[in-house]
Amino acid sequence: MYAIIETGGKQYQVQEGDEIEVELLGTDGEIKFDKVLLIHDGTAPKIGLPHLPKCEVLGEVLGVIKAPKVVAFKYKRCKNYRRTVGHRQKYSRVKIKKIVAA
């Protein structure tokens, strides 16, 4: 059984036991994803318009991780102007515990 969920403006295909990295959630412990777009149990898929009512995916937040650093460098020639800006996006690592289909 797998499901497609939406969180942080992105869609993820998940199964029970998967670990995914989503946009920073800001909570620890249990999390509930109620924006379920599709559930496939092996026989027939259930497709939401746009979301499935009474269906949810339960997960547990394992921690916060950081993506690799992205460096932006800009300069103007002959003007002695140089700027370096770095950014590291934070993500939440989530383990999928259960898919609840009504």
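Which residue takes a positive phi in the hairpin of β1 and β2? Glycine 8 does, with a phi near 65°, and the hairpin has two residues between the strands.

This is a predicted model, in which local features need pLDDT of at least 70 and side-chain atom pairs count only at pLDDT 80 or more, while totals for chains, interfaces and linings use all residues. Residues are numbered from 1 along each chain as its sequence is written, and side-chain values use heavy atoms, with hydrogens and water left out.

1. Terms for strands. Helices (H or I, at least four residues) and strands (E, at least two) are DSSP runs numbered from the N terminus. Two strands pair if DSSP finds at least two bridges between them.

2. Strand β1 and its partners. Strand β1 (residues 2-7) runs antiparallel to β2 and is joined to it by six bridges. Within this pairing, isoleucine 4 stands opposite glutamine 13 of β2. Strand β5 (residues 36-40) also runs antiparallel to β1, with four bridges between them. Here tyrosine 2 has histidine 40 of β5 as its bridge partner.

3. The two faces of β1. In a regular strand the side chains alternate between the two faces of the sheet. In β1, the covered face holds Ala3, Ile5 and Thr7, and the uncovered face holds Tyr2, Ile4 and Glu6.

4. Threonine 7. This residue belongs to strand β1. Threonine 7 is buried because its relative accessible area is 12%; buried means under 20%, exposed over 50%, and partly exposed in between (1.4 Å probe, protein chains only). Neighbours within four places in sequence aside, threonine 7 is in contact with Tyr12, Val22, Leu25 and Phe33. Contact means heavy atoms within 4.5 Å.

5. Another sheet. The order β3-β10-β7-β4 describes an open sheet of four strands, again with antiparallel pairing. The edge strands are β3 (19-23) and β4 (29-33), and each pairs on one side only. From one strand to the next, the twist averages 45°. Ten bridges link β7 and β10 in the antiparallel sense. In that pair, valine 61 stands opposite valine 94 of β10.

6. Serine 92. Is this residue buried or exposed? Serine 92 is buried, because its relative accessibility is 1%. The residue is placed in strand β10 (residues 90-100). Its side chain reaches the backbone nitrogen of leucine 25 at 3.1 Å. A polar contact is a pair of N or O atoms within 3.5 Å; within protein, one must be able to donate a hydrogen and the other to accept it, and residues adjacent in sequence count only if both atoms are side-chain atoms. Beyond its neighbours within four places in sequence, serine 92 is in contact with Ile20, Glu21, Val22, Glu23, Leu24, Leu25 and Gly63.

7. The loop between β6 and β7. With a relative accessibility of 11%, glycine 48 counts as buried. The peptide bond joining leucine 49 and proline 50 is cis, with omega about -5°. Proline 50 lies in the loop between β6 and β7.

8. Positive phi outside glycine. Lysine 54 has a phi near 60°, a positive value in a residue other than glycine. Lysine 54 is in the loop between β6 and β7 and is exposed, with a relative accessible area of 73%. Asparagine 80 likewise has a positive phi, near 60°. Asparagine 80 is found in the loop between β8 (70-76) and β9 (81-87), and at 66% relative accessibility it counts as exposed.

9. A charge over a ring. The charged end of lysine 76 sits over the ring of tyrosine 81, 5.6 Å from the ring centre. The criterion is that NZ of Lys or CZ of Arg is within 6 Å of the ring centre and within 35 degrees of the ring normal.

Definitions and conventions:
Axes are lines fitted to C-alpha atoms, for helices over the stretch in contact, and angles run from 0 to 180 degrees between N-to-C directions.
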